[in-house]
Amino acid sequence: NSINWARLMPQVVYYFAAALRLGAPAQKVAFSVPTGNFGNVFAGYVALQMGLPIERLIIASNKNDILTRFFTSGLMERETVVPSLSPSMDIQVSSNFERLLYELLGRDGLTTDSVMENFEDTGCFEVDKNVLARARKLFLAYRLDDAGTLTEIAETARNYGMVLDPHSAVGVSAAHRAHSDGVIAKDVPIVALACAHSAKFNRAVI
């Protein structure tokens, strides 16, 4: 269960291992993480707090894009879950996001609890512009729908001979866009986290 801290701890190691292979600490590295529940990408945040030179953590969402919408506007608003080709990301309440919110609110447990209770009651909350600005210094967010996912799977197979599962395709697409948009410099490598074997998702891959 990704809300169990014991699951997040070994994920932190993956970030260090990947960054070191790419030249850290001398070289900054970014990570693109397909996510719905915010667990793995929060492990990246922990690695950053431990001193790993992470340029930016990219949140890659499918059409259930509550996280992308939050990092764009500062508004966390629950909507109806829409089934997608990347079902592990079909989430509208990201259980691990509360951990980041606690950090963004200055580790104020009472305020965090109040915000989360309000979110449970109303389905939305909004942070002020200063909190959003702090979040956006660390995180970047992109959304990819099913059509875009299929396009990314096809283009990656054609260009690199690699067959992605639909979750990983969302992350790879976000990484490409972060470089092409110029938000992350081309000399900063982006690691796109892989999620599963493509054979598990024949409807998307075949």
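Before we start, one term: a pocket here is an open set of grid points where a 1.4 Å probe fits, with protein on both sides within 12 Å along at least five of seven lines. Keep in mind, too, that this is a predicted model.

**Stop 1: the second largest pocket**

Select Thr 156, Tyr 160, Met 162, Leu 164, Val 172, Ala 175, His 176, His 179, Ile 190 and Ala 192, which line the second largest pocket. About 210 Å³ of space lies in this pocket. Which helix gives the most to its lining? Colour H8 to see: H8 supplies 4 residues. Helix H7 (146–160) and strand S6 (190–192) also supply at least two residues each. By class, the lining has 7 nonpolar and 3 polar residues, with no charged ones.

**Stop 2: the sheet**

From S6, move on to the sheet. Show its 4 strands, which form an open sheet in the order S5-S2-S1-S6 with parallel pairing. S5 (139–143) and S6 stand at the edges, and each has a single partner strand, so one side of each is left without a neighbour in the sheet. On average, and ignoring direction, neighbouring strands are turned by 20 degrees against each other.

Now zoom in on S1 and S6, which run parallel and are joined by 3 bridges. Ala 30 stands opposite Ile 190 of S6 here; Ile 190 is also one of the residues lining the pocket from Stop 1.

Bring H8 back into view. This helix packs on the sheet and touches S1, S2, S5 and S6, and its direction makes about 130 degrees with that of S2.

**Stop 3: where H3 meets H6**

Select Phe 70, Phe 71, Thr 72 and Ser 73 of H3, then Leu 132, Ala 135 and Arg 136 of H6, to display the contact. This set holds 4 nonpolar, 2 polar and 1 charged residues.

**Stop 4: the largest pocket**

For the last stop, select Arg 7, Pro 34, Asn 40, Ser 88 and Cys 195, which lie nearest the centre of the largest pocket among its 23 lining residues. About 520 Å³ of space lies inside. Where does the largest share of the lining come from? Helix H1 provides it, with 4 residues. S1 (29–34) and H2 (39–49) each supply at least two. The lining has 12 nonpolar, 9 polar and 2 charged residues.

Terms used. Residues are numbered from 1 along each chain as its sequence is written. This is a predicted model: local features need pLDDT of at least 70, side-chain atom pairs count only at pLDDT 80 or more; totals for chains, interfaces and linings use all residues. Side-chain values use heavy atoms; hydrogens and water are left out. Contact means heavy atoms within 4.5 Å. Ala, Val, Leu, Ile, Met, Phe, Trp, Tyr, Cys and Pro count as nonpolar, Asp, Glu, Lys and Arg as charged, and the others, Gly among them, as polar. On a 1 Å grid over the protein atoms alone, a cavity is a set of points where a 1.4 Å probe fits but cannot get out, and a pocket is an open set with protein on both sides within 12 Å along at least five of seven lines; lining residues have an atom within 4 Å of a point. Grid points are joined across faces, edges and corners, and a volume is the space filled by probe spheres set on the points. Two strands pair if DSSP finds at least two bridges between them. Axes are lines fitted to C-alpha atoms, for helices over the stretch in contact, and angles run from 0 to 180 degrees between N-to-C directions.
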